[in-house]
Amino acid sequence: MNSLLDSLLVHSPVITDGAWGTQLQQQGLTSGQCPDAWNLTHPFEVEQIARSYVEAGSRIILTNTFGANRITLSRHGLAEQAHQINRTGAILSRKAAGERACVFGSIGPSGKLLLTDEVTEEELRSAFTEQAAALRDGGAQGIVIETMSDLSEARIAVEAACGTGLPVVACMVFDSGPDHDRTMMGNTPEEAVRALTSAGAEVIGANCGQGIEGYIPICSRLRRATPLPVWMKPNAGLPVLVEGRVTYSITAEEFAGHARALKGAGASFIGGCCGTGPEFIRMLVQTLTAKTP
Ligand SMILES: [Zn+2]
């Protein structure tokens, strides 16, 4: 295992960060705006979000680069700025982290389907290779491939990210099928472990899609299927519409309460996805790292 991961895991679970999208919206990002472009246009706000997680106690924070592959950026006419957006995202998170936290660069899906030939494997490989290299150039110490629904795309992203030499975390969304334990394309946690491990991931995980309770059995299955550390970032329950705005159904206290079971199910890295903010991280730190008397 990578020495950075080893040293982080001396004190397990490692508390990671919460959502970025919902935090950016609180800072004024409007729907339709490109969140990743804020690294260049609103660096102060982006750094503030990173700092809020560091101050809450995150030992790993991510970068505001979830959609910063050139395929997704092209929808905003920003493909040619991919390198700069990713590099700057990593620089901003490193600045906020200082010596207090590690920075792992976030890579999300392209939003295009291989299955229907909307995108080719080569286009994906080249976009993710460019993104991962720019994140490394900006100082990212690891890469997180996250919110992936298609195992084929995830594999390509993992292989591309491994080219940087940095440790790679690979996370799928499991929220489909009658038992909510499949990816959108129908793959099981066990199939994901096999494919992502052979692609070179050093940490396997799940994020987004469902709340923390639903991810406890998924975490157990990932744990049983691999000796690699498991990374979990569930949502803050299910999205609910309140006065026309999307909010999430559970509080930071409830989330942290369930997090004990997630730790018990074998999660080595625990954070939150959609709907979680710095207060969730603060509660996780209190609940999971408090010494029992
Ligand atoms: Zn999410």
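1. Which element gives the most to the lining of the largest pocket? In this predicted model, that element is H2, with 4 residues. Helix H2 (21-26) is joined there by strand E4 (142-148) and strand E6 (203-211), each of the three supplying at least two residues of the lining.

2. The volume of this largest pocket is about 890 Å³, and of the 47 residues that line the pocket, Gly21, Pro35, Phe66, Gly67 and Cys274 are the closest to its centre. When the lining of the largest pocket is sorted by class, there are 18 nonpolar, 21 polar and 8 charged residues.

3. The second largest pocket holds about 270 Å³ of space, and among the 15 residues of its lining, those nearest the centre are Thr22, Gln26, Arg245, Val246 and Gly275. The lining of the second largest pocket divides into 5 nonpolar, 8 polar and 2 charged residues.

4. A separate point concerns two helices, H7 (residues 121-137) and H8 (residues 151-162), which pack with their axes 8 Å apart and at an angle of about 40°. Because of that angle, H7 counts as oblique to H8, and the crossing of H7 past H8 is right-handed.

5. At this contact, Glu121, Leu124, Arg125, Phe128, Thr129 and Ala132 in H7 meet Glu153, Ile156, Ala157, Glu159, Ala160 and Ala161 in H8. By class, the contact of H7 with H8 comprises 7 nonpolar, 1 polar and 4 charged residues.

How values were computed: Residues are numbered from 1 along each chain as its sequence is written. This is a predicted model: local features need pLDDT of at least 70, side-chain atom pairs count only at pLDDT 80 or more; totals for chains, interfaces and linings use all residues. Side-chain values use heavy atoms; hydrogens and water are left out. On a 1 Å grid over the protein atoms alone, a cavity is a set of points where a 1.4 Å probe fits but cannot get out, and a pocket is an open set with protein on both sides within 12 Å along at least five of seven lines; lining residues have an atom within 4 Å of a point. Grid points are joined across faces, edges and corners, and a volume is the space filled by probe spheres set on the points. Ala, Val, Leu, Ile, Met, Phe, Trp, Tyr, Cys and Pro count as nonpolar, Asp, Glu, Lys and Arg as charged, and the others, Gly among them, as polar. Axes are lines fitted to C-alpha atoms, for helices over the stretch in contact, and angles run from 0 to 180 degrees between N-to-C directions. Angles under 35 degrees count as roughly parallel, over 145 as roughly antiparallel, 65 to 115 as roughly perpendicular and the rest as oblique. A crossing is left-handed if the near helix is turned anticlockwise from the far one by less than a right angle, and right-handed if clockwise. Contact means heavy atoms within 4.5 Å.
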